[in-house]
Amino acid sequence: MRPSILIKVSVLLVAAIFVIVAIRNMNRDNVERAMAALGVEPGTSESPGLQPSNRALQPGEERYNICRNRIHAIEFEGGNKVEEFKEGLKLRWLAFQNGQPRELGYLEVEKWLSSHCQIIVKPATEQEIETISARQALTIRYIDRSELPIERIGGLFFRIEGKLFESKDFSDAIEELRQLAQFK
C-alpha cells in the first residue's frame with residue numbers, strides 16, 4: 001500500500017471521528033451558545049433565518065423585516081431621499097436634499113442596511129397614539145419597484161402595512177440614516 005493512500009485514509013478516519021463526536025455533543029443549549037458567540041439569533045415565522053442579535057427581544061417585542069427585497073431608495077417627507085445608482089458595474093449611494101445629490105460612503109450605507117433590516121417592534125394600539133398629531137411619511141422602495149409606505153407618528157410609533165408598532169430601534173435607525181446622509 002502506498003504511503004499517500006495510508007495518509008488519506010487516516011485523515012478521513014480522523015475527520016469521521018470528529019464529525020461523530022460533534023454530532024453527539026450537539027444539543028439546543030450548545031447550538032444557542034454557538035449562535036450567540038457568532039452574534040445571531042434564530043428567526044421567527046414572519047422573518048425566518050438567522051437574525052442579527054444587536055439586543056435580545058424583550059417580552060412582547062418581535063422582529064420586523066423591512067428588507068424583503070434589496071432596498072433601492074428610502075424617501076423621507078419633503079423630498080429628501082437616499083438612493084442607490086448603478087453605473088455599469090459600479091454601485092453608488094446618493095443623498096438628495098432639495099434636489100441636490102451628494103455621494104455617500106457605499107460601505108456606510110450597506111452597514112446601515114445590514115444592521116437595520118430587522119427592526120425590533122412592539123405592537124401598539126390606537127389608544128396609545130390618539131393624542132399624537134405629528135405625522136411624517138417615509139417610503140422604502142425596492143429594486144423590484146415595490147414600495148413599503150411607513151407612517152411615523154410622533155417619535156416612536158409607526159404604521160406599517162396597516163399595523164401599528166412602537167419601535168425605538170426603528171426611530172434610532174432613521175435618525176442614524178439622516179445623520180449619515182447629513183439631512184437637517
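**View 1. The lining of the second largest cavity is made of eight nonpolar, no polar and no charged residues.** Here Ala, Val, Leu, Ile, Met, Phe, Trp, Tyr, Cys and Pro are counted as nonpolar, Asp, Glu, Lys and Arg as charged, and the others, Gly among them, as polar. The model is a predicted one, in which local features need pLDDT of at least 70 and side-chain atom pairs count only at pLDDT 80 or more, whereas totals for chains, interfaces and linings use all residues. Residues are numbered from 1 along each chain as its sequence is written, and side-chain values rest on heavy atoms, with hydrogens and water left out. The second largest cavity, with a volume of about 40 Å³, is lined by I74, F76, W112, L138, I140, F170, I174 and L177. Strand 4, strand 9 and helix 5 are the elements that give two or more residues to this lining, and helix 5 gives the most, with three residues. Helices (H or I, at least four residues) and strands (E, at least two) are DSSP runs numbered from the N terminus.

**View 2. The largest cavity holds about 60 Å³ of space.** A cavity is a set of points on a 1 Å grid over the protein atoms alone where a 1.4 Å probe fits but cannot get out, and its lining residues have an atom within 4 Å of a point; points are joined across faces, edges and corners, and the volume is the space filled by probe spheres set on them. Two cavities of 30 Å³ or more are found when the whole structure is searched. Around the largest one lie F76, E77, Q136, A137, L138, R152, I174 and R178, which divide into four nonpolar, one polar and three charged residues. Strand 9 gives the most to this lining, with three residues.

**View 3. The largest nonpolar core has 30 residues, and those with the most contacts inside it are I66, I74, I140, I150 and F170.** Among the elements that each supply at least two of its residues are strand 4, helix 3 (106–116), strand 9 (135–142) and helix 5 (168–181), and the largest share, five residues, comes from helix 5. Such a core is a set of buried Ala, Val, Leu, Ile, Met, Phe, Trp, Tyr and Cys residues joined through side-chain atoms within 4.5 Å. I140 touches I66, I71, A73, I74, S146, E147, L148 and I150, not counting residues up to four places away in sequence, where contact means heavy atoms within 4.5 Å.

**View 4. A salt bridge joins R70 to E84, with their closest N and O atoms 2.6 Å apart.** This pair links distant parts of the chain, R70 lying in the loop between strand 3 (62–65) and strand 4 (71–76) and E84 in strand 5 (residues 81–87), 14 residues apart. A salt bridge is a side-chain nitrogen of Lys or Arg within 4 Å of a carboxyl oxygen of Asp or Glu, and by this rule the count comes to twelve. E84 counts as buried because its relative accessibility is 6%, whereas R70, at 30%, is partly exposed; buried means under 20% relative accessible area, exposed over 50%, and partly exposed in between (1.4 Å probe, protein chains only).

**View 5. E126 forms a salt bridge with R159, the closest N and O atoms being 2.8 Å apart.** The two residues connect distant parts of the chain, since E126 belongs to helix 4 (residues 126–129) and R159 to strand 11 (residues 157–160), 33 residues apart. With a relative accessibility of 43%, E126 is partly exposed.

Definitions and conventions: On a 1 Å grid over the protein atoms alone, a cavity is a set of points where a 1.4 Å probe fits but cannot get out, and a pocket is an open set with protein on both sides within 12 Å along at least five of seven lines; lining residues have an atom within 4 Å of a point.
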